[in-house]
Amino acid sequence: MIFEEFRQVDGGGAHEGTGLGLAITKRLTEQQGGRIWLESEIGKGSRFSFTLPMGNVTSGNASPDYVPIVNSPAAPGRDKPLVLIVDDEAPARELLASYLEPEGYQVAVASSAAEALEKAQQLRPDAITLDILMPSANGFSTLLSLKSAAQTTPIPIIVVSIVDQPKLGFALGAADYLVKPVDKLALLNPLRKHVRPVPNTDSLILVVDDDPRTVELLDVTLRSAGYQTRAAQSGKAALAILSSTPVNGILLDLMMPEMDGFEVLRHVKQQPTLKDVPIFVLSAKSLTREEADLLGRETQAHFHKDGAWREELLEAVGKAVQNRKAARAAASS
């Protein structure tokens with residue numbers, strides 16, 4: 001009994017813990033081909049013993065049921081990576097789905113531990129988000145079950161729960177552990193470490209900034225969200241790229257030598273083929289009232305480099321690109 005999850009033996013003294021230590025030990029021992037057992041006598045004590053096989057286990061002895069999951073960028077046969085959201089509360093599932101779907105992920109949901117285990121086996125998602133507090137079963141037990149089954153062991157599981165026990169989650173095999181409330185960026189950052197959205201080949205964003213570090217940061221930010229990028233470190237270089245390469249958005253700095261961002265903006269808006277391209281300004285410049293009004297009229301959004309711009313920028317770019325695609329589809333139909 002004591003090797004079962006969440007079981008503890010009642011005794012005269014106080015004891016703490018979750019009842020998972022021996023269950024984890026048993027699972028790890030058996031995964032390596034060993035076994036563990038107990039000899040105990042009341043009033044005298046207990047002895048735990050275990051065995052492990054000697055030598056190396058070759059790949060030919062691996063379980064025939066084990067089939068690796070490809071997590072970068074998506075499992076074969078999928079246009080988008082699939083994330084299974086496990087939470088018994090519908091608003092929580094809907095919130096996480098609203099974070100993921102605009103960023104290039106498809107979503108499946110489960111409202112109980114039993115449903116989570118069944119869908120994980122059937123769908124073999126690229127990642128799972130898992131709540132711990134569920135009425136039918138403890139989420140830690142679900143995590144242990146998923147990590148014990150050959151078909152689901154490779155799936156990265158991100159715990160998203162109000163229960164603040166990351167050490168236990170990691171011990172049971174969680175890839176990441178997030179404590180609610182969780183915002184969009186807090187979820188996307190760890191998820192992108194394990195599974196990336198499919199690059200959107202018709203969503204090319206031009207990054208215009210003379211600072212190489214900013215260009216690199218924006219390149220990583222956009223590519224991790226599924227966009228393709230081109231970089232220009234001057235206004236003239238940006239206009240040269242725009243003259244020959246169709247883009248779906250422009251990220252523009254305002255303070256650049258020779259040709260500043262305002263002049264680039266003016267050139268773009270004068271070109272019939274470019275005037276409808278969404279423009280997003282990211283700059284450290286302090287704006288006058290007139291400059292702020294101009295950007296409000298001519299750009300989709302503007303952000304200050306010293307602020308918390310990353311999540312809002314990605315959201316604005318995503319909306320503009322989707323609207324642009326929808327307008328094109330409507331015009332061609």
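Predicted model: local features only at pLDDT ≥ 70, side-chain atom pairs only at ≥ 80, totals over all residues.
## Where two helices cross

Let's start with helix H2 (residues 90-100) and helix H6 (residues 184-194), whose axes come within 10 Å and cross at roughly 65°. The crossing is right-handed. On the H2 side, Leu 96, Tyr 99 and Leu 100 make the contact, and they meet Lys 184, Leu 187, Leu 188 and Leu 191 of H6. Sorted by class, this contact has six nonpolar residues, one charged residue and no polar ones.

Asp 209 sits in the loop between strand S8 (200-208) and helix H7 (212-224). Because its relative accessibility is 2%, Asp 209 counts as buried. Its side chain reaches the backbone nitrogen of Asp 211 at 2.8 Å, and it also makes a polar contact with the side chain of Lys 305 (2.8 Å).

Lys 305 in turn forms a salt bridge with Asp 253 (3.9 Å, N to O). This pair links distant parts of the chain, with the two residues 52 apart. Asp 253 is buried, at 3% relative accessible area, while Lys 305 is partly exposed at 23%.

## Other salt bridges

Side chains of opposite charge can pair when their charged atoms come close. How many salt bridges does a search of the whole structure find? The search finds 13.

Among them, Glu 315 and Lys 319 meet at 3.5 Å, N to O. Both lie in helix H11, four residues apart, about one turn of the helix. Glu 315 is partly exposed at 35%, and Lys 319 is exposed at 51%. Elsewhere, Asp 87, Asp 131 and Lys 180 are linked in a network of salt bridges.

Methods
Residues numbered from 1 in each chain as written. Heavy atoms only, no water. Axes fitted to C-alpha atoms, helices over the stretch in contact; angles between N-to-C directions. Left-handed = near helix turned anticlockwise from the far one by under 90°. Contact = heavy atoms within 4.5 Å. Nonpolar A, V, L, I, M, F, W, Y, C, P; charged D, E, K, R; others polar. Buried < 20%, exposed > 50% of the residue type's maximum accessible area, 1.4 Å probe, protein only. Polar contact = N/O pair within 3.5 Å; in protein donor to acceptor, adjacent residues only side chain to side chain. Salt bridge = Lys/Arg side-chain N within 4 Å of Asp/Glu carboxyl O.
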